[in-house]
2 protein chains.
Amino acid sequence: MNLKRQAVRERILQAAADLICERGYRATTLDDIARHLGMSKASLYGYFVGKDGILAAISQETMGRFSRALQEIARSPLPPHEKLRRVVHHHVELVLTHRSFLTVFFSEEASLPARFARAMARQKDRYDKGVEKLIQEGIRQGVFREVPPRLVVYALLGMVNWLYKWCDPAGPLGAEEIARAYLDFIERGLLAPKAFQEPQLRRRLLRLRREMDALSQLLASHSAP
Amino acid sequence: MNLKRQAVRERILQAAADLICERGYRATTLDDIARHLGMSKASLYGYFVGKDGILAAISQETMGRFSRALQEIARSPLPPHEKLRRVVHHHVELVLTHRSFLTVFFSEEASLPARFARAMARQKDRYDKGVEKLIQEGIRQGVFREVPPRLVVYALLGMVNWLYKWCDPAGPLGAEEIARAYLDFIERGLLAPKAFQEPQLRRRLLRLRREMDALSQLLASHSAP
């Protein structure tokens, strides 16, 4: 595909995503999209086979971005927790920078043509499995706790995907800040370190310290002249 | 409202939620709903003012369940982390047991009449703030780490809300199991305890232990006959 054609194609998808995002898929017509772009419907057909083709392309493009990033990160020589960090960072960034694409991707699954929907489901499943592999690697290497990997994948992706529902790209929170806060929460959880919570542990440490002090005083008095 | 009327009303909402869930809001007609229930469209109108009224009732009912549970838990004398546990448990259970209601609630926000949508947004905001208060309480009491409360609320709710996308109520995972795994992840995070991760800490503990062993051997040899 030549560059100009590629650029027009992207403009069409962006305009369609914005409109579908605003009005819903069913309420958006090809006429709306063409009018919004100042194009004729006929030239729109030069790029996509109807509205379904546009929806399919938006989903394919979005899924493609997720998959390519994950593959690249998974292939890198980084340790598993660092890989997971990058995946979360990329995921948050993608949701924020391509919000209308993501909104259409997540909200209009039911509108996809059946055959295409099945293909998408397979790709999503591969993505989930890819993230699951990172978690499993981390558990094997002892960096992550023994968690049920599949459930944690769903929890993780739920957290980051849900961003499209509430996060305002024009708001005060940038991708960097959100990803950092989410990663801190993902990695370390909510509870304050056990040591501060478990008075028992603290008491035992204190007792040990007192014992050492008493012992060293005793030693000092023994060796006194 | 008398009991029979109440029961019919609930049957209508359930049937409508199931159909909307399957076909989307726009594609579902009042005729479909009436036919599905074996009722006339006229008697349907005896309960709801059109399709919008049904969608509004499904959303209101769902939001009401969330809010009532949160209020009840918040009023209880439990410590904040225990309150949060109950909120997560209830939330997971609600998504699993009322899946079509929840799917309609989350997917058809854009189809709600504007005035009603604003009222719903206010109620959602109150719910978010209620969960945020629990987190803040936990931080104040030192049970939770110093996290950004609003972001953690969104992360938490994203995790549990996303369930409607993937969790099959007929599948092997029950609400209890999912809630337990999610809570463990929420509370303790992914990373294995620092002590196992930080070779430095482990080395220092080991050195301390060796020192103690050496000391006690020394003491034993001194006091030998």
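Reader: Thanks! Which residues does Val95(B) touch, not counting residues up to four places away in sequence?
Author: Happy to start there, with the note that this is a predicted model. Val95(B) sits in helix H5 of chain B. Leaving out residues up to four places away in sequence, the residues that Val95(B) touches are Leu102(B), Val160(B), Leu163(B) and Tyr164(B).

Reader: Is Val95(B) buried or exposed?
Author: A residue counts as buried when its relative accessible area is under 20%. For Val95(B) the relative accessible area is 0%, so Val95(B) is buried.

Reader: What separates the C-alpha atoms of Val95(B) and Cys167(B)?
Author: Along the chain, these two residues are 72 residues apart.

Reader: Let us turn to charges. Where do Arg85(B) and Glu82(B) lie, and what is the N to O distance of their salt bridge?
Author: Both Arg85(B) and Glu82(B) belong to helix H5 (residues 80-97) of chain B. They are three residues apart, about one turn of the helix. Their side chains form a salt bridge with an N to O distance of 3.3 Å.

Reader: Which parts of chain B does the pair of Arg85(B) and Glu187(B) tie together?
Author: The side chains of Arg85(B) and Glu187(B) meet in a salt bridge, 2.7 Å from N to O. Arg85(B) is in helix H5 of chain B, while Glu187(B) is in helix H10 (residues 175-188) of chain B, so the pair ties together parts 102 residues apart in sequence. The parts joined are therefore in helices H5 and H10 of chain B.

Reader: Are those two partners buried or partly exposed?
Author: The cut-off for buried is under 20% relative accessible area. Arg85(B) has 26%, so Arg85(B) is partly exposed. Glu187(B) has 11%, so Glu187(B) is buried.

Reader: Where are Lys124(B) and Glu109(B), and how far apart are their closest N and O atoms?
Author: Lys124(B) and Glu109(B) form a salt bridge. This pair links distant parts of the chain, 15 residues apart, with Lys124(B) in helix H7 (residues 114-140) of chain B and Glu109(B) in the loop between helix H6 (99-107) and H7 of chain B. The closest N and O atoms of the two residues are 2.3 Å apart.

Reader: Which residues of chain A are joined into one network by salt bridges that share partners?
Author: Over all chains, the structure has 32 salt bridges. Among the residues of chain A, shared partners give one network of Glu82(A), Arg85(A), Arg86(A) and Glu187(A).

Reader: Last one: at what angle do helix H4 and helix H6 of chain A cross?
Author: Contacts between them include Leu55(A) and Phe66(A) among the H4(A) residues, and Phe101(A) and Phe105(A) among those of H6(A). The axes of helix H4 (residues 50-75) and helix H6 (residues 99-107) of chain A come within 9 Å and cross at roughly 105 degrees. H4(A) is therefore roughly perpendicular to H6(A).

Technical notes:
Residues numbered from 1 in each chain as written. Chains lettered and ligands numbered in written order. Predicted model: local features only at pLDDT ≥ 70, side-chain atom pairs only at ≥ 80, totals over all residues. Heavy atoms only, no water. Salt bridge = Lys/Arg side-chain N within 4 Å of Asp/Glu carboxyl O. Helix = DSSP H or I, 4+ residues; strand = E, 2+ residues; numbered from the N terminus. Buried < 20%, exposed > 50% of the residue type's maximum accessible area, 1.4 Å probe, protein only. Axes fitted to C-alpha atoms, helices over the stretch in contact; angles between N-to-C directions. Parallel < 35°, antiparallel > 145°, perpendicular 65-115°, else oblique. Contact = heavy atoms within 4.5 Å.
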